[in-house]
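The following note records several points on the structure shown below.

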Amino acid sequence: MDSLNSYLIISAVLFTLGLYGVMTRRNGIAILMGIELILNSANLNFIAFNRFGGMEKLDGHIFSIFVMVLAAAEAVVALAIIINLFKNLDTVNIDNADTLKG
Amino acid sequence: MNILTLAFIVLFLPLASFFFQIFFGKRIGRNAHWFSLIAIGITLGIAISFVANIFLGIQGPMLEVSGEWFTTGDFTVNLGFYIDNVAAIMMLVVAIISFLVHLYSTEYLRDDIRYTRYFGYLGLFTFSMNGIVLADSLIMMYVFWELVGLSSYLLIGHWFEKDSAANANKKAFLTNRVGDIGMFIGIMILFFQLGTFNIQGLAEGVYFGGFDGNMTLLAIAGVLVFMGAVGKSAQFPLHIWLPDAMEGPTPVSALIHAATMVAAGVYMTVRIFPILPPSALEVIAVVGGITAIFAAIIAITQTDIKRVLAYSTVSQLGYMIMALGVGAYQAGFFHLVTHAMFKGCLFLASGSVIHAMHHGLHKINDHHTDPQDMRNMGGMKSKLPITYWTMLVATLAISGVPLFSGFLSKDAILAGTLAYFNTHHGWTIFLPIAGFGAAIITAFYMFRLIFLTFHNEPKKPEIYEHLHESPMAMTTPLVILSILSFAFIFTLPHLNPIHSEGWFTHNVPMVENVGLDIKSVKEEIDHAHGSAMTISLIVASLGIALSFLFYYFRKVNVKKLTTTLDKVGLYRLSLNKFYIDEIYDALIYRPFLWLTKMISHIDWDLFDQKFIDGWGWLTLKASEGSGYSDYNWLDQKVVDGFGKLTKFFGRKFRLAQTGVIQNYLMGGVVGIILIFVIIQSF
């Protein structure tokens with residue numbers, strides 16, 4: 001399995017799993033984990049296209065490193081939000097975070 | 001000083017007097033009349049010098065100048081002076097009467113509140129009248145013609161607090177306007193045919209075929225211009241204003257409504273005489289004849305002393321006009337001059353009587369008795385001797401008694417009418433009949449006036465006791481004018497009392513006329529002179545004798561006679577002035593009011609209320625309809641419909657807004673997948 005397609009299939013599986021997690025979970029941490037899966041599927045795509053797309057430079061790699069940085073930052077912010085959520089509502093279920101709803 | 005300067009002084013000095021009285025008179029007070037007296041006195045001096053010039057034997061006009069007034073396009077209007085013998089004599093007449101009236105008024109209006117204004121208006125009148133006399137063109141004459149109308153209006157309305165005076169001056173002004181419109185149209189016809197307003201120029205134009213033998217048009221133009229004289233000289237049927245004009249102060253009646261302004265119509269006709277064709281002269285003669293007899297008949301029954309004189313004036317003006325109509329040019333102008341003197345004297349004498357009556361009434365605190373009604377007078381001969389004798393002289397003159405001026409001029413006119421009948425025959429018998437008829441009636445009613453006023457016992461003894469003769473300033477003019485009513489004044493150097501041969505006839509020769517053979521007319525008149533004189537002597541003595549019988553000896557019961565005559569309506573006809581005013585009221589005034597009422601009815605009730613307001617109603621209804629449809633359909637249905645639709649969709653779509661992020665994400669994912677499917681399917 002040394003072709004682009006196999007990578008893309010794995011990336012698509014990862015993306016779908018992530019999306020499924022984001023859309024179905026009620027737990028904030030689980031949603032965050034789904035997002036991480038989606039980001040990583042994107043990273044895999046960047047690497048794969050860089051490898052099989054015939055590009056001489058390391059553009060895809062650099063992009064994936066940026067995405068990782070972004071993911072780290074996102075995790076920091078998201079976890080902070082979830083911690084505050086928990087502190088205020090004693091739960092991490094995002095369905096309960098509806099105090100702004102009119 | 002040359003004649004032109006003198007002419008300017010004559011014209012503008014009275015105007016200066018007018019401005020002086022208007023601007024400074026009030027401040028100076030009663031003594032302001034000295035300025036007017038001196039100004040008119042100088043005018044009189046110059047007028048005398050002009051007439052004296054005549055005797056130097058100068059041929060042709062003394063002064064003939066003309067200057068441009070204004071030009072618009074090809075249309076040039078000139079103003080100028082033209083002084084010939086006729087103008088000089090007329091100017092002297094105006095100046096004499098005006099000066100004497102000024103003098104007389106200083107006493108007659110002594111306590112009047114508008115004393116200086118009165119003198120100012122007299123000045124304005126004298127200015128305007130001199131303008132007419134000096135005018136060399138019809139347009140200039142027309143301008144001053146309107147100015148005399150204005151000053152007449154102002155002076156009739158001098159006591160405008162009285163309704164009758166305020167109405168009389170309006171009536172005078174409006175009636176004159178009727179004639180003046182005709183005059184203006186006539187002037188314009190002459191101008192467009194001959195291209196000039198200048199009277200001498202018009203005569204030349206007519207003689208050299210300016211009308212291309214179109215005598216009908218010339219006659220129409222002549223009659224139209226003559227219409228101005230009908231208005232101003234109070235000829236039938238526009239005479240109605242003159243008796244009412246007696247509402248003015250009596251000296252004004254003497255100056256304007258007896259001697260000068262009303263004679264302006266005659267003077268104007270004298271001026272245009274050379275261009276009047278026979279058919280126009282025929283009209284003029286008939287108008288004059290009707291006026292002469294008709295006004296005389298009215299004068300018989302009037303009881304107001306001034307109204308008798310007013311109708312007498314109308315009648316005498318009719319004589320002058322008739323004289324011009326029959327071609328007796330010289331006689332017409334002669335009668336103008338003699339009439340100015342004796343009628344001026346009669347009016348001033350009647351003013352003296354009224355003045356005395358007024359004072360008498362004032363003494364006994366009677367404010368209801370009419371001081372002008374002859375039925376309240378009688379026996380005043382001994383109380384007012386100067387007034388009586390001067391008035392008697394003037395009465396003898398107007399009645400046509402030999403030795404007095406009226407005899408000569410009236411005789412000449414009657415000779416003219418007889419001569420006209422002798423050459424024309426047929427209906428023209430009317431003219432001598434009117435002339436002699438008016439002569440007998442004139443003698444009758446003038447002596448009736450004298451007897452009722454001065455003779456027999458006084459009818460109101462309580463007033464009579466307080467009567468006294470008027471002061472010097474009033475009697476002097478009477479004496480002067482009565483002297484001027486003697487025949488010898490006009491026949492110098494001859495002293496023949498029954499023949500008019502003298503300086504006047506020498507210096508006012510017959511003029512050429514476009515249609516008449518003046519030489520044969522003159523011969524005919526000379527021929528008719530003897531018989532005319534005989535008949536006129538008979539009729540004058542008949543009239544005077546009848547008057548003696550009726551009012552002096554009272555052999556005839558006047559009351560009984562009037563009731564008998566009234567059985568056929570004759571007395572009432574005369575007393576009510578032939579109902580002319582009523583006829584005008586019924587024929588003109590009331591139909592006119594009715595017409596204006598109808599028009600106002602159509603305008604207001606139909607046009608305004610129905611048509612204009614109809615548009616309003618229509619607009620109101622249309623706007624109501626459009627408002628209804630706008631609100632109920634457009635607003636309620638369409639505009640609100642959009643609102644409701646939005647609300648409806650909003651309510652429906654609100655359900656999609658769950659607030660659950662995963663649902664939105666679901667929507668996004670489904671959307672992306674759909675987009676992919678759609679893209680793939682293409």
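**Notes on the predicted model**

1. In chain B, the loop between α17 (430-454) and α18 (461-464) holds B:Pro458. The structure discussed here is a predicted model. B:Pro458 is partly exposed, because 17 other C-beta atoms lie within 10 Å, and a residue counts as buried at 20 or more and as exposed at 12 or fewer. Leaving aside residues up to four places away in sequence, B:Pro458 touches B:Gly378, B:Gly379 and B:Tyr464. From B:Pro458 to B:Pro237 there are 221 residues in sequence and 38 Å in space, taken from C-alpha to C-alpha.

2. B:Pro237 lies in the loop between α8 (215-232) and α9 (241-244) of chain B. The peptide bond that leads from B:Phe236 into B:Pro237 is cis, with omega near 5 degrees. The loop between α8 and α9 of chain B also contains B:Ala234. B:Ala234 is not a glycine, although its phi is positive, at about 55 degrees. Is B:Ala234 buried or exposed? B:Ala234 counts as buried, because it has 31 C-beta neighbours inside 10 Å.

3. A positive phi also occurs at B:His425, a residue other than glycine, where the value is near 55 degrees. B:His425 is placed in the loop between α16 (405-424) and α17 of chain B. B:His425 has 9 C-beta neighbours inside 10 Å and therefore counts as exposed.

4. Helix α3 (residues 85-108) of chain B packs on α4(B): their axes come within 10 Å and cross at roughly 175 degrees. That angle makes α3(B) roughly antiparallel to α4(B). On the side of α3(B), the residues that meet α4(B) are B:Ala87, B:Met90, B:Met91, B:Val94, B:Ser98, B:Val101, B:His102 and B:Ser105. Their partners in α4(B) are B:Tyr118, B:Leu122, B:Thr126, B:Met129, B:Asn130, B:Val133 and B:Leu134. By class, the residues of this contact are 10 nonpolar, 5 polar and no charged.

5. α4(B) itself consists of 20 residues and reaches 29 Å from its first C-alpha to its last, close to the 28 Å expected at 1.5 Å a residue. How many of the residues of α4(B) are buried? The count is 19 of its 20 residues, and the helix is mostly covered.

6. Helix α4 (residues 115-134) of chain B also packs against helix α5 (residues 138-156) of chain B, at an angle of about 155 degrees and with the axes 8 Å apart. α4(B) is therefore roughly antiparallel to α5(B). The crossing of α4(B) past α5(B) is left-handed. Residues of α4(B) that meet α5(B) include B:Tyr121, B:Leu124, B:Phe125 and B:Met129, while those of α5(B) include B:Phe144, B:Trp145, B:Leu147 and B:Val148. The contact of α4(B) with α5(B) divides into 12 nonpolar, 3 polar and no charged residues.

7. The axes of α5(B) and helix α6 (residues 163-194) of chain B cross at roughly 175 degrees and come within 9 Å. This makes α5(B) roughly antiparallel to α6(B). Among the residues that α5(B) brings to the contact are B:Tyr142, B:Trp145, B:Glu146 and B:Tyr153; α6(B) supplies, among others, B:Phe173, B:Asp180, B:Met183 and B:Phe184. The contact of α5(B) with α6(B) has 14 nonpolar, 4 polar and 2 charged residues.

8. Helix α10 (residues 250-259) of chain B is largely enclosed by the rest of the structure, because 10 of its 10 residues are buried. Among these buried residues are B:Thr250, B:Pro251, B:Ser253 and B:His257.

9. B:Glu64 belongs to strand β1 (residues 63-72) of chain B. B:Glu64 is partly exposed, because 15 other C-beta atoms lie within 10 Å. Apart from residues up to four places away in sequence, B:Glu64 touches B:Tyr82 and B:Asp136. B:Glu64 and B:Ala263 are separated by 199 residues in sequence and by 23 Å in space, C-alpha to C-alpha.

10. A final point concerns the contact between the chains. Chain B contributes 6 residues and chain A contributes 6 residues. The side of chain B that touches chain A comprises 4 nonpolar, 2 polar and no charged residues.

Conventions
Residues numbered from 1 in each chain as written. Chains lettered and ligands numbered in written order. Predicted model: local features only at pLDDT ≥ 70, side-chain atom pairs only at ≥ 80, totals over all residues. Contact = placed C-beta atoms within 7 Å. Nonpolar A, V, L, I, M, F, W, Y, C, P; charged D, E, K, R; others polar. Axes fitted to C-alpha atoms, helices over the stretch in contact; angles between N-to-C directions. Helix = DSSP H or I, 4+ residues; strand = E, 2+ residues; numbered from the N terminus. Parallel < 35°, antiparallel > 145°, perpendicular 65-115°, else oblique. Left-handed = near helix turned anticlockwise from the far one by under 90°. Expected span 1.5 Å × (residues − 1).
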